[in-house]
Amino acid sequence: MTATRTVRIGSSHGLHARPAKLFAQAAKESGVAVTVAKDSGKPVNAASILGVIALAIEHGDYVTLTAEGDNAEGVLDTLTELLTTDHDQDAAG
């Protein structure tokens, strides 16, 4: 099963080290193949923190997630929540 979703980034500083690490770790632990692409760019392995950071994703950017596997929709639900949450606000609080 393949699922795709477009998500708007919620972290006020984009996907820098901390939120990128949370995202990549969740993608890796999901057990399914997940890619992320910024706008219409080339997809990268979502489980690769370096690949995710290299996309230079900023607050308000749109990314496309694609997951392939048994629980693809559930995985995208989890990853979408991570991407739409402002992790920078949590850190400041």
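1. In this predicted model, Leu83, once its neighbours within four places in sequence are left aside, is in contact with Val7, Arg8, Ile9, Gly10, Ser11, Leu15, Phe23, Val63 and Leu65.

2. Leu83 is also one of the residues that touch the most other members of the largest nonpolar core, which has 24 residues, the others being Phe23, Val34, Val36, Val63, Leu65 and Leu79. Two or more residues of this core come from each of β1 (2–8), α1 (17–29), β2 (33–38), β4 (62–68) and α3 (72–84), and the largest share, six residues, is that of α3.

3. The helix α1, with 13 residues, spans 18 Å from its first C-alpha to its last, close to the 18 Å expected at 1.5 Å a residue. Its buried residues are Pro19, Ala20, Phe23, Ala24, Ala26 and Ala27, and because they fall within an arc of 160° when α1 is seen down its axis, they line one face of the helix. The face turned away from this buried side carries the exposed residues Lys28 and Glu29, and α1 is followed by Gly31, whose phi is positive, near 80°.

4. Ser48 lies in the loop between β3 (44–45) and α2 (49–54), where its side chain reaches the backbone nitrogen of Gly51 at 3.0 Å. Ser48 counts as partly exposed because its relative accessibility is 27%, a value between the limits of under 20% for buried and over 50% for exposed. Although Ser48 and Ala27 are 21 residues apart in sequence, their C-alpha atoms are 8.7 Å apart in space.

Terms used. Residues numbered from 1 in each chain as written. Predicted model: local features only at pLDDT ≥ 70, side-chain atom pairs only at ≥ 80, totals over all residues. Heavy atoms only, no water. Core = buried A, V, L, I, M, F, W, Y, C linked by side-chain atoms within 4.5 Å. Buried < 20%, exposed > 50% of the residue type's maximum accessible area, 1.4 Å probe, protein only. Helix = DSSP H or I, 4+ residues; strand = E, 2+ residues; numbered from the N terminus. Contact = heavy atoms within 4.5 Å. Polar contact = N/O pair within 3.5 Å; in protein donor to acceptor, adjacent residues only side chain to side chain. Expected span 1.5 Å × (residues − 1). Arc of directions from axis to C-beta.
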